[in-house]
Amino acid sequence: MEIFLIRVLQLMLSLSLLILLHEGGHFFFSKLFGVRVEKFYLFFDPWFHLFEFRPKKSDTTYGLGWLPLGGYCKISGMIDESFDTEQMKRPPQPWEFRTKPAWQRLLIMVGGVLVNFLVALFIYAMILFHWGDTYIPVSGMTNGMAFNADAKALGFKDGDILIGTDKGAFKEFDVQLFRDLSSATRVDIVRQGKSMSISLPGELDMIDMLQKQPRFVSPLIPNRVDSVLPGSPAAAMGLRPGDRLVAVNGKEVASMNAFTDELDRLKDMLAVAQTSADSMKVRRATIVTERGGVRDTSAVVLSPELKLGFTWQSLAELYKPVTIEYGFWESLPAGVVYGVDVLKGYVGDMRYLFSSDGAKQLGGFGAIGSLFPPVWDWYLFWKMTAFLSIILAFMNILPIPALDGGHVLFLVYEMVTGRKPSENFMIRAEYVGFGLLLLLMVLANLNDILRWLGYM
């Protein structure tokens, strides 16, 4: 429950900040061009609100809604998600959105997206300034990588050290590495001290590479025990730090990756067990260990979760991370480059959305909240907030009615042709766009529920 609350608080704080800044972008350009803003709300307020006030001599009511699905800035003389058509029946006023030149209306509409993108770049820059850029170089992972059957069919072998592709050198082990491998036609590696290259098809399915268990590629972790948990099956069998795991149920394991793969196979067997006797049969395992060159075989009963009860070294313990420090002025262009790279990667991954596997990856508030750490970590909080800001900017600029991008599309049409779309058309388009967004939101949150229930 504590982890759940921490994640909820981080999600709410992050979204509240980004929503306020997004709507603040619309508000700023509206005020700049003399357009009246009737309401400025954090969260939606159908039927009732939690709080609102209007400062003296102000045309704007500020408030807090109860439905945390977004926020809004109600601009006079504009057809938006409020569907307030009565104001459009009255004579146009000089302080209304509809009476302003198209270029001013365009800036008002892109104001939220512009602010979100600039905020993301600024956050990334300040992260680099305050914490620097710390990572473990892929080429420095001297134990190499562990590969699944699909990767081995392409020519990879466990222990290969990845260097880069025809697209450039690898930096760190993250999703960008999978992006590069999925579209590369050549990958450079070091195998047993010798440099060589492997040809790739250039069109691997990145979703499949990430989803399959075991994954297409993972850092290879030596099969050496780091610590043993008291009272665990590992402690009962006499396992000690420094011992090597050699085999599970007669199957040789040359790394911790191979060991966890064997446990995953047992989990699949446990999932289809019909009786408690069947389950206990799966939990009984034969483990071969090695200490000082001497092997020992032990019969052990794994925990109900099929855990042995020990830990191994993390990547940060195996390899020394590299940290690049940035001064304040150096961090600004570096933050821009970092943010643009994140945007490029996100936009490139959108093509997977239109596949069946990609649609299953859609997530709602549950999926977004799970991306935050289970403990409060300001570095990860700000990194996640910057990423969400980029997503919010990109999604809002999509040319879908009811989103900022839909209004931008109609304004560009007006500027090119010199003709305004009719008000009836704009109203119908707003309804269609709102319906599409509602459907997408339902699908994303339904995926969350199905994942939670174990159906996905």
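The largest cavity in this predicted model has a volume of about 60 Å³, and the structure holds 1 cavity of 30 Å³ or more. Its lining is made up of Y124, I127, L128, G132, D133, Y338, Y379 and K383, which by class amount to 5 nonpolar, 1 polar and 2 charged residues. Helices α3 (102–131) and α14 (378–397) each supply at least two residues of this lining, and the largest share, 3 residues, comes from α3.

The 14 residues of α15 (residues 404–417) should span 20 Å at 1.5 Å a residue, and the end C-alpha atoms are 20 Å apart, which agrees.

Side chains of opposite charge can pair when their charged atoms come close. A search of the whole structure finds 16 salt bridges. One of them joins R244 and E290, with a distance of 2.6 Å from N to O; because R244 lies in strand β13 (residues 244–248) and E290 in strand β15 (residues 284–291), the pair ties together parts that are 46 residues apart in sequence. R244 is partly exposed, with a relative accessible area of 24%, whereas E290 is buried at 18%. Both residues also belong to a network of salt bridges that links R244, E252, E290 and R295.

Another salt bridge is formed by E262 and R265, whose closest N and O atoms are 2.4 Å apart. These residues are 3 residues apart in helix α8 (residues 256–271), and are therefore separated by about one helical turn. E262 counts as buried at 12% relative accessibility, and R265 as partly exposed at 45%.

Key
Residues are numbered from 1 along each chain as its sequence is written. This is a predicted model: local features need pLDDT of at least 70, side-chain atom pairs count only at pLDDT 80 or more; totals for chains, interfaces and linings use all residues. Side-chain values use heavy atoms; hydrogens and water are left out. On a 1 Å grid over the protein atoms alone, a cavity is a set of points where a 1.4 Å probe fits but cannot get out, and a pocket is an open set with protein on both sides within 12 Å along at least five of seven lines; lining residues have an atom within 4 Å of a point. Grid points are joined across faces, edges and corners, and a volume is the space filled by probe spheres set on the points. Helices (H or I, at least four residues) and strands (E, at least two) are DSSP runs, numbered from the N terminus. Ala, Val, Leu, Ile, Met, Phe, Trp, Tyr, Cys and Pro count as nonpolar, Asp, Glu, Lys and Arg as charged, and the others, Gly among them, as polar. The expected span of a helix is 1.5 Å times one less than its number of residues. A salt bridge is a side-chain nitrogen of Lys or Arg within 4 Å of a carboxyl oxygen of Asp or Glu. Buried means under 20% relative accessible area, exposed over 50%, partly exposed in between (1.4 Å probe, protein chains only).
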